[in-house]
Amino acid sequence: MNVCGAVRMKSIPIARPLIGEEEINAVVDVLKSGMLAHGKEVEAFEREFADYLGVKHGVAVANGTSALDIALKSLGIGPSDEVITTPFTFIASATSILFQGARPVFADIDPKTYNLDPAEVLEKITDRTKAVLVVHLYGQPADMRAFREIADDYGLYLIEDCAQAHGAEFEGQKVGTFGHVAAFSFYPTKNMTTGEGGMVVTGDDGLAERARRLRNHGQSEKYLHVELGYNLRMTNIAGALGRVQLRKLDEWNAVRNENAKRLSGGIKRIRGLTPPHVDRRVYHVFHQYVVGVEDDFPLDRDDLMRELRGRGVGTAVHYPMPVHWQPLFQRLGYEKERCPNAIEASRKVLSLPVHPGVSGEDVDYIIASLRELAGE
């Protein structure tokens with residue numbers, strides 16, 4: 001089948017925020033109210049998001065990176081501390097550790113799920129280890145039973161980076177509720193958005209209180225500054241947008257799952273492409289749908305990307321370089337040879353469109369395009 005000749009050329013972006021009339025009306029109402037900065041809409045969003053997860057506190061902030069930073073600061077992570085994390089993710093997970101003056105220690109990943117491998121983490125623990133920062137990559141929860149046991153056995157803080165995993169579950173429990181503290185992002189390409197924004201969530205009253213101070217100039221009350229803080233508050237505009245998006249999140253995640261199942265059903269029959277592995281204990285929310293482009297596929301990954309884009313199919317690589325290979329970390333003396341599974345993953349992963357704006361017809365077109373390029 002010649003895909004391009006058989007149907008009109010499509011345009012299927014790799015990601016697209018879904019903004020409807022409800023979101024527009026909610027934002028307009030805030031604009032009309034004149035109460036644009038942090039206020040009641042943000043506070044309502046914090047409560048609703050915390051209730052959705054089943055956790056006690058939500059602390060809304062300006063973006064996901066600041067959520068990570070504040071989460072770490074709330075725990076008192078600082079110089080001389082080590083935090084074990086993954087080398088296969090967006091760099092903010094690791095740089096947030098550097099901003100504390102602490103040292104990121106990279107443990108390798110599970111080659112099937114691409115998530116941090118608990119066995120590798122155990123090998124990295126030293127007397128300087130203060131915490132483990134787990135990333136739920138692509139929307140698939142990491143093995144939180146194992147990480148909870150490690151944290152308990154070694155007296156470590158457990159931090160969850162949930163930037164890609166809104167609504168994901170491990171053994172029926174939502175991510176963001178396993179650790180001492182967790183961080184979410186609401187960037188436009190996430191499963192739900194506030195434009196920019198983030199959330200620190202925790203069940204600990206003291207951590208929540210400190211997170212609220214840190215986001216607001218270190219104030220314990222107005223004009224009483226008890227510690228060094230930031231201006232990282234969320235606006236009412238973002239809060240109003242987030243409240244509407246949260247109500248749609250489960251439905252959108254269900255669409256992502258349906259698209260992923262259809263994609264995997266077609267891709268598993270194409271030689272040289274490996275569909276995502278889904279742990280049977282999890283509810284994967286497919287922030288990204290990531291295939292492995294193996295050596296026996298007729299095209300290398302970069303050529304495959306170019307061909308798909310020529311057919312109107314958006315693609316991306318999440319992520320083309322392990323964090324410890326980045327120039328910043330090379331200047332800090334990190335060894336390139338470490339974490340072979342992360343290195344191999346960065347060589348072969350390819351993200352395909354899976355978001356709720358992708359139709360069943362789009363999925364069929366993507367599969368047909370891949371088959372054609374595979375020579376089938």
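Cavities. I take a cavity as a set of grid points where a 1.4 Å probe fits but cannot get out, and I count a residue as lining if it has an atom within 4 Å of a point. The model is predicted, and I kept that in mind throughout.

I began with the second largest cavity, which holds about 50 Å³ of space. I listed its lining as Ile14, Ala15, Thr189, Arg256, His287, Gln288, Tyr289, Leu352, Pro353, Val354 and His355. Sorted by class, I get 6 nonpolar, 4 polar and 1 charged residues there.

How many cavities of 30 Å³ or more does the structure hold? I find 2. For the largest cavity I noted a volume of about 90 Å³. Its lining has 15 residues, and those closest to the centre are Arg16, Pro17, Leu18, Lys190 and Arg256.

Sheet. I traced an open, mixed sheet of 7 strands, in the order β1-β9-β8-β5-β4-β2-β3. At the edges I found β1 (57–61) and β3 (103–106), each of which pairs on one side only. On average, neighbouring strands are turned by 25° against each other, with direction ignored.

Next I checked how β1 is joined to β9 (residues 198–202): the two run antiparallel and share 5 bridges. Within this pair, I see His57 opposite Thr202 of β9.

I then looked for helices that pack on the sheet. Helix α7 (residues 144–154) does, touching β4 (129–135) and β5 (157–161). I recorded an angle of about 150° between the direction of α7 and that of β5. Helix α8 (residues 205–214) also packs on the sheet, where it touches β1 and β9. For α8 against β1, the angle between directions is about 15°.

Glu22. I located Glu22 in helix α2, which spans residues 21–33. Is Glu22 buried, exposed or partly exposed? Its relative accessibility is 45%, so I class it as partly exposed, since that class lies between 20% and 50%.

Which residues does Glu22 contact, leaving aside neighbours within four places in sequence? I found Val244, Arg247 and Lys248. I also looked up its separation from Ser93: 71 residues in sequence, and 33 Å in space from C-alpha to C-alpha.

Technical notes. Residues are numbered from 1 along each chain as its sequence is written. This is a predicted model: local features need pLDDT of at least 70, side-chain atom pairs count only at pLDDT 80 or more; totals for chains, interfaces and linings use all residues. Side-chain values use heavy atoms; hydrogens and water are left out. Two strands pair if DSSP finds at least two bridges between them. Helices (H or I, at least four residues) and strands (E, at least two) are DSSP runs, numbered from the N terminus. Axes are lines fitted to C-alpha atoms, for helices over the stretch in contact, and angles run from 0 to 180 degrees between N-to-C directions. Contact means heavy atoms within 4.5 Å. On a 1 Å grid over the protein atoms alone, a cavity is a set of points where a 1.4 Å probe fits but cannot get out, and a pocket is an open set with protein on both sides within 12 Å along at least five of seven lines; lining residues have an atom within 4 Å of a point. Grid points are joined across faces, edges and corners, and a volume is the space filled by probe spheres set on the points. Ala, Val, Leu, Ile, Met, Phe, Trp, Tyr, Cys and Pro count as nonpolar, Asp, Glu, Lys and Arg as charged, and the others, Gly among them, as polar. Buried means under 20% relative accessible area, exposed over 50%, partly exposed in between (1.4 Å probe, protein chains only).
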